[in-house]
Amino acid sequence: MDVGRTVKKKLSSARIIILGFAAAILAGSLLLMLPVSSREAGGTGFMDALFTAASAVCVTGLVVRDTAAYWSVFGQAVILALIQVGGMGVVTMAVTVYMVSGKQITLKQRSTLQESISAPGVGGIVKLTSFILRVTLCAEFLGAVLLAPFFCGEFGVPLGLWYALFHAVSAFCNAGFDLMGIQGEFSSLTGFAGNPAVNLVIMALIIMGGIGFLTWQDIRKNHLHFRRYRMQSKVVLVTSAVLIVLPALYLFFFEFGDLSPGNRVLGSLFQSVTLRTAGFNTLDLTKVSEGGLMIMIILMLVGGSPGSTAGGMKTTTFAVMFSTAISVFSRREHTNFFGRRVEESVIRNAATIVTLYTTLFLTGGILISRLEGLPLMTCLFETASAVGTVGLTLGITPQLGMISRWILIFLMYTGRVGGLTLIFSALSGRRGDTARLPQERLTVG
């Protein structure tokens, strides 16, 4: 008893989060290695199972085995469970189990949950967890109901219902896993490129999961009174809208020129939405120009919003850095949003996150390019997709070697638990140096 409690007390919230995700990945890997999990005799090797489990828990969607063609229904159910755990967060799921069982939530668990879902404070954290659970279940159920008629018409009732549920959960959790491999391996949703209803439902689920539960809590409380929202909710909504509309306009005018106008509008909008962590695609990305790929890479790195099912640097990080640049250009002393000043510590954290993610994605891309002898842009697209927990690919994932797969697993893991969480975990217990050194001017720019 005492040993277990002592260990828990010594573990910081950051370490509990990263160990929780690691445990979920390991457990999922072991389940996927079982013979019953795959359609092939003899079971699945550890590396393939680990990669799939990591991709599912980290809600990424990169796969080395086609989900529908290779995994059995049991294996698909395991993947779906891992997506749900990863989307809601390991800590959130654990606290939910505690709540359902009637156990008391300790202050330590509340603090860990606060950090896990990026809540502003410990107060009301249990109510927020309950709200997260209700929103998730309602959104996924409604999405499954709306998708069911189309999938049942395509695949029959039993399979269609399962496909509707799977894709609703995968879309809301911004995972990007699909079961369309029966139409063609690794085909994603290309078979529904011209179906407005399926496209719109998937897009709505992606956006709902990607803007964050704290934003939805603000919307529930203040309805459509935008001025009453917290600054974070305003930043999330405005930044998300800009990052959907502007890329969609670029894709419409400069890419996918061989499509009809209607399909071009739908495809451009869908890709713009899915780029920032969802991982589904309805169009052939290998036909996109290098300029278009670069824009996609930037969007994948940005990712979703804090406290959401999505990964990446987060929309607020992007907004803070952009606003800070505007403040410097206009010679303002502080970074501001909607009449409110941003703390200096937030700006430092944002700069650190951008530096970390950029370094990881570039280093990973260069390493994979050298190891595999592949074009650098293709590899950078892959690593941006991994660290942004997006799941889009130019088709190279299944053919990558062992070391390259380990690199992608590390990037997916870092992108989901958060770069700062890993750093804080590594430096847990160390006290910062409070001494102030002499100051001297340094010229930059």
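Colleague: Take helix H14 (residues 290-302). Which residues of H14 are buried, and which elements do those buried residues pack against? How does the axis of H14 cross that of H12?

Modeller: First, the setting. This is a predicted model. The chain has 19 helices and two strands. Of its 445 residues, 52% are buried. Among contacts between residues at least 6 apart in sequence, 68% join residues at least 24 apart.

Now H14 itself. The 13 residues of H14 should span 18 Å at 1.5 Å a residue, and its end C-alpha atoms lie 19 Å apart, so the two values agree. After the helix comes Gly-303, with a positive phi near 75°.

The buried residues of H14 are Gly-292, Leu-293, Met-296, Ile-297, Leu-299, Met-300, Leu-301 and Val-302. They pack against four helices: H12, H15 (315-329), H16 and H17 (376-387). An α-helix has 3.6 residues a turn, so residues three or four places apart point the same way.

Next, the partner H12, residues 231-254. The axes of H12 and H14 come within 11 Å and cross at roughly 165°. Angles over 145 degrees count as roughly antiparallel, so H12 is roughly antiparallel to H14. The crossing is left-handed.

The contact can be read residue by residue. H12 brings Leu-243, Pro-247, Tyr-250 and Leu-251. H14 brings Gly-291, Gly-292, Ile-295, Met-296, Leu-299 and Val-302. By class, that contact has eight nonpolar residues, two polar ones and no charged ones. Gly counts as polar here. Some residues of H14 in this contact are also on its buried list, among them Gly-292, Met-296, Leu-299 and Val-302.

H16 is another partner of the buried residues of H14. H16 covers residues 344-372. Its 29 residues should span 42 Å at 1.5 Å a residue, and the end C-alpha atoms are 42 Å apart, so expectation and model agree. Buried in H16 are Ile-347, Ala-350, Ile-353, Tyr-357, Leu-360, Phe-361, Gly-364, Gly-365, Ile-368 and Ser-369. Gly-373 follows H16, and its phi is positive, near 65°.

From H10, the contact uses Pro-196, Asn-199, Ile-202, Met-203, Ile-206 and Ile-207. From H13, it uses Leu-266, Leu-269, Phe-270, Val-273 and Thr-274. By class, there are nine nonpolar, two polar and no charged residues.

Met-231 and Phe-338 are 107 residues apart in sequence, yet 6.9 Å apart in space, C-alpha to C-alpha. Phe-338 sits in the loop between strand E1 (336-337) and strand E2 (340-341). Its relative accessible area is 41%, so Phe-338 is partly exposed. Leaving aside neighbours within four places in sequence, Phe-338 is in contact with Phe-226, Lys-234, Val-235 and Val-238.

To sum up, H14 runs roughly antiparallel to H12, and the buried residues of H14 also pack against H15, H16 and H17.

Terms used:
Residues are numbered from 1 along each chain as its sequence is written. This is a predicted model: local features need pLDDT of at least 70, side-chain atom pairs count only at pLDDT 80 or more; totals for chains, interfaces and linings use all residues. Side-chain values use heavy atoms; hydrogens and water are left out. Axes are lines fitted to C-alpha atoms, for helices over the stretch in contact, and angles run from 0 to 180 degrees between N-to-C directions. Angles under 35 degrees count as roughly parallel, over 145 as roughly antiparallel, 65 to 115 as roughly perpendicular and the rest as oblique. A crossing is left-handed if the near helix is turned anticlockwise from the far one by less than a right angle, and right-handed if clockwise. Contact means heavy atoms within 4.5 Å. The expected span of a helix is 1.5 Å times one less than its number of residues. Buried means under 20% relative accessible area, exposed over 50%, partly exposed in between (1.4 Å probe, protein chains only).
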